[in-house]
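Me: I have a protein model open and want to go through it with you. Can we take it piece by piece?

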Amino acid sequence: MVITLTDLIANRTLAPGMAALLAAAVEERRSLLVVAIPRNAGKTTLMTAAFEERPDAVPLHMLGRRHGESLGIPEEGAPPGYLSMSEIAPHPVTDSYLWGADVRRIFEAAHERGHAIATALHADGIDSAFEVIAENGVPDEHASLIDVVVYIRLFGRWQAPERRAVETIHEVERVRDGEVVARLTHRWDEATDRFETADAPTSVSPEAYARHLARFTEAAGRDA
């Protein structure tokens, strides 16, 4: 069974406003980066849930070394869609964990051919995440393709998590000299266990955000 953003609201991984930004971002083909420190934090689960909001006309290319030299990057002139690798990581847990030259090729292809990026990596926040991207030799112009960065906290042992919570969502304004300039849009306050909107999203259209916010707020009310 596929877990949806509505499911993640119900189990308090995220709030309706967070889900609305992710849904609008995927609907409008914005690039996503999901970040966490431990294994089993839910990076892939959240990305998969967000992709459930993807329009049918937007192709999703799951890249990896199983595709050979091309990594599955579509040919020039293909309809713009998502280029997705499971993780930017130096250890090839699967063929879709990529590093170095492969990562640079994917960002370059996205930049030159009008695709969005969707991926994840291990870091303790947005600044550290872009340090990892810079470590892979991705130039600032290409790293600036990332629009939305989600950071997930995991509580308990990674083998048997007690709770997952999206702690922050940032929108990227630009990357300069490997350092990211971003705005915080949503956060989770651990002391009060409350999700808060810090600033109105600007990476998506206000109409799309409002439409999804109304939908997810209604769904959360039904589940309360």
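**Backbone, sheet and pocket**

Reply: Let's start with Arg29, which sits in the loop between helix H2 (16–27) and E1. Helices (H or I, at least four residues) and strands (E, at least two) are DSSP runs, numbered from the N terminus. This is a predicted model, where local features need pLDDT of at least 70, side-chain atom pairs count only at pLDDT 80 or more, and totals for chains, interfaces and linings use all residues. Residues are numbered from 1 along each chain as its sequence is written, and side-chain values use heavy atoms, with hydrogens and water left out.

Me: What is the phi of Arg29?

Reply: The phi of Arg29 is near 60°, a positive value in a residue other than glycine. Most residues other than glycine have a negative phi.

Me: Why does Asp177 count as exposed?

Reply: Because its relative accessible area is 70%. Buried means under 20% relative accessible area, exposed over 50%, and partly exposed in between (1.4 Å probe, protein chains only). Arg29 has 28% relative accessibility, so Arg29 counts as partly exposed.

Me: New topic. What is the strand order in the open sheet?

Reply: The order of its eight strands is E2-E3-E6-E1-E7-E8-E9-E10, with mixed pairing. Two strands pair if DSSP finds at least two bridges between them. E2 and strand E10 (194–197) are the edge strands, each pairing on one side only. The twist averages 25° from one strand to the next.

Me: How many bridges join E1 to E6?

Reply: Five, between strand E1 (residues 31–36) and strand E6 (residues 116–122), which run parallel. Leu32 has Ala118 as its bridge partner in E6, and Ala36 has His122.

Me: What about E3 and E6, how many bridges there?

Reply: Three, also in the parallel sense. Tyr82 stands opposite Ala116 in E6.

Me: Is E6 largely enclosed or open, and why?

Reply: Six of the seven residues of E6 are buried, so E6 is largely enclosed by the rest of the structure.

Me: Where is Pro59?

Reply: In the loop between H3 and strand E2 (60–62). Pro59 is partly exposed, at 22% relative accessible area.

Me: Which residues is Pro59 in contact with?

Reply: Leaving aside neighbours within four places in sequence, Pro59 is in contact with Arg54, Pro79, Pro80, Gly81 and Tyr82. Contact means heavy atoms within 4.5 Å. The C-alpha atoms of Pro59 and His115, 56 residues apart along the chain, are separated by 9.6 Å.

Me: Last topic. What volume does the largest pocket have?

Reply: About 290 Å³. On a 1 Å grid over the protein atoms alone, a pocket is an open set of points where a 1.4 Å probe fits, with protein on both sides within 12 Å along at least five of seven lines; lining residues have an atom within 4 Å of a point. Grid points are joined across faces, edges and corners, and a volume is the space filled by probe spheres set on the points.

Me: Which residues are closest to its centre?

Reply: Of the 13 lining residues, Arg39, Asn40, Lys43, Glu87 and Tyr97 are the closest to the centre of the largest pocket. Helix H3 (residues 43–51) gives the most to that lining, with three residues.

How values were computed:
Axes are lines fitted to C-alpha atoms, for helices over the stretch in contact, and angles run from 0 to 180 degrees between N-to-C directions.
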